[in-house]
Amino acid sequence: YEIILNKLQSMLENQINYNENQWQKEILDIIQLLYPKYIAAFDGVPIKDINYGNRELDFILIDSNGNIDVAEIKRPFDKCIVSHSQYRDNYIPLRELSGSIMQVEKYIYYLNKWGNKGEEILTKRFSDKIPQGLMLRITNPGGIIIMGREINLSKEQLADFEIIKRKYKNIIDIITYDDLISRIHMLLTKFSLFQ
């Protein structure tokens, strides 16, 4: 955990030196540590779009029972979470956040519509990378979004951001990179208490 924390902090200090693929690879490893229920993560996953043919999910996460969740990982840009000025006394989600939420919601919609056929196709596709006999399940998937920074947000902006995060029932979590660092710090503190 300390190694991961140090690597993440270093990447954030030098974020322009990393492309989105590098961010995604590092963050997938961290997700599987923070959410130990996930036993696998796959990228570039083709799914059936009932309207337009095929789509490609950035990432799916597989839990120990074979249930599928969706992950969307963006680069840690500043000023992509909530507005800096208020609209009727509220800080509203910016386009990048709204767009990411909509993207994940659509992926979840497509997965749910794909149903049993999708389960069969995905299980066959990843059969060599999952435990033998595990059937992948599309059981009302959730989504995780990792994007942006909250380091420069005011208390009021953070409060409105928390409301936004809690509004979307299909999204398991919306995590900024600063929150990711905070969670790893909390885990390290927890572990140090047991030593």
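In which loop is Asn140 found? Asn140 sits in the loop between α3 and β4. Its phi is positive, about 50 degrees, although Asn140 is not a glycine. Asn140 is exposed, because its relative accessible area is 56%. Here buried means under 20% relative accessible area, exposed over 50%, and partly exposed in between (1.4 Å probe, protein chains only). Helices (H or I, at least four residues) and strands (E, at least two) are DSSP runs, numbered from the N terminus.

The model is predicted: local features need pLDDT of at least 70, side-chain atom pairs count only at pLDDT 80 or more, and totals for chains, interfaces and linings use all residues. Residues are numbered from 1 along each chain as its sequence is written, and side-chain values use heavy atoms, with hydrogens and water left out.

The chain contains five helices and five strands. From the N terminus on, their order is α-α-β-β-β-α-β-α-β-α. Along the principal axes, the C-alpha atoms of the chain fill a box of roughly 50 × 45 × 30 Å.

Buried residues account for 44% of the 195 residues. Contact means heavy atoms within 4.5 Å. Among contacts between residues at least 6 apart in sequence, 69% join residues at least 24 apart. The chain carries 25 positive and 26 negative charges, and their mean positions are 5 Å apart. Lys and Arg count as positive and Asp and Glu as negative, while His and the chain ends are not counted. Each charge is placed at NZ of Lys, CZ of Arg, CG of Asp or CD of Glu.

Strand pairing was examined next. Two strands pair if DSSP finds at least two bridges between them. Strands β1 (residues 38–49) and β2 (residues 53–63) pair in the antiparallel sense over 10 bridges. They form a hairpin with three residues between them. Within this pair, Ala40 stands opposite Ile62 in β2. Ile62 also has a bridge partner in β3, namely Ile68. Strands β2 and β3 run antiparallel and are joined by four bridges. Their hairpin has four residues between the strands, and Gly66 there takes a positive phi near 90 degrees.

Strand β3 (residues 68–73) is mostly covered, with six of its six residues buried. Both of its faces are covered. Ile68, Val70 and Glu72 are buried on one side, and Asp69, Ala71 and Ile73 are buried on the other. Four bridges also join β3 to β4, and these two strands run parallel. The bridge partner of Glu72 in β4 is Ile145.

Ile144 lies in strand β4 (residues 143–146). Ile144 counts as buried because its relative accessible area is 1%. Ile144 and Glu72 are 72 residues apart in sequence, yet their C-alpha atoms are 6.2 Å apart in space. Leaving out residues up to four places away in sequence, Ile144 touches Ile31, Tyr35, Tyr38, Leu61, Val70, Ala71, Glu72, Ile172, Asp173 and Ile175.

Ser100 is placed in helix α3 (residues 95–125). Ser100 is buried, because its relative accessibility is 3%. Beyond four places in sequence, Ser100 touches Lys74, Ile145 and Met147. Gln157 belongs to helix α4 (residues 155–167). Gln157 is buried as well, because its relative accessible area is 5%. With residues up to four places away in sequence not counted, Gln157 touches Val82, Ser83, His84, Tyr91 and Asn152.

Asp89 lies in the loop between β3 and α3. Its phi is near 65 degrees, a positive value in a residue other than glycine. Asp89 is exposed, because its relative accessible area is 66%.
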